[in-house]
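Q: Could you walk me through how to read the features of a protein model, giving the general idea first and then the case at hand?

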Amino acid sequence: QVQLVESGGGLVQAGDSLRLSCAASGRTFSTDRMGWFRQAPGKEREFVAAISGSGSMTYYANSVKGRFTISRDNAKNTVYLQMNSLKPEDSAVYSCAAQRSQLRPYDYWGQGTQVTVTS
């Protein structure tokens, strides 16, 4: 059974940092592009960041560029999202996802972890 399980969310103040983790199981994800998405109440889900299977390529939404860093440890089948200088507008449920091919939508999704940033 393929599973993506996020952790590391919480309640923090503006300017603080958090590191989210996404642990994958059930298959090998080392060749998959992995992404982080977020959804705030009443808003559409939006792309946050993605990383290639090797980790050599990373992609970021403009709203988080320079503050967030995505990384992965394929030996641990885990993807991370380091979030610095958090802002209240970063508050959302953050989910990770795995994409087997760039020609396909993301195939697997986690349940998400809540991040709340107070001002």
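**Reading the fold**

A: From the N terminus on, the elements of the chain run β-β-β-β-β-β-β-β-β-β-β, which is to say zero helices and 11 strands. Helices (H or I, at least four residues) and strands (E, at least two) are DSSP runs, numbered from the N terminus. This is a predicted model, in which local features need pLDDT of at least 70 and side-chain atom pairs count only at pLDDT 80 or more, while totals for chains, interfaces and linings use all residues. Residues are numbered from 1 along each chain as its sequence is written, and side-chain values use heavy atoms, with hydrogens and water left out.

Q: What radius of gyration does the chain have, and what would a compact globule have?

A: The radius is taken over C-alpha atoms, and the globule rule is 2.2 Å times the number of residues to the power 0.38. For 119 residues that rule gives a value near 14 Å, and the chain, at 13 Å, agrees with it. Along the principal axes, the C-alpha atoms fill a box of roughly 40 × 25 × 25 Å.

Q: How many residues are in the largest nonpolar core, and which touch the most other members?

A: A nonpolar core is a set of buried Ala, Val, Leu, Ile, Met, Phe, Trp, Tyr and Cys residues joined through side-chain atoms within 4.5 Å; buried means under 20% relative accessible area, exposed over 50%, and partly exposed in between (1.4 Å probe, protein chains only). Here the largest core holds 27 residues, and Trp36, Leu81, Met83 and Tyr94 touch the most other members. Among the strands that each supply at least two residues of this core are E3 (18–25), E4 (33–39), E8 (78–83) and E9 (92–99). Of the whole chain, 42% of the 119 residues count as buried.

Q: Which residues are in contact with Leu81, leaving aside its neighbours within four places in sequence?

A: Contact means heavy atoms within 4.5 Å. The partners of Leu81 include Leu18, Leu20, Trp36, Val48, Phe68, Ile70 and Tyr94. Across the chain, residues 24 or more positions apart account for 53% of the contacts with a separation of 6 or more.

Q: Where is Asn77 found, and is Asn77 buried or exposed?

A: Most residues other than glycine have a negative phi. Asn77, by contrast, has a positive phi near 55 degrees, and is found in the loop between E7 and E8. Asn77 is buried, because its relative accessible area is 19%, and its contacts beyond four places in sequence include Cys22, Arg27 and Phe29. Ser85 also has a positive phi, near 50 degrees, but is placed in the loop between E8 and E9 and is partly exposed, with a relative accessible area of 42%.
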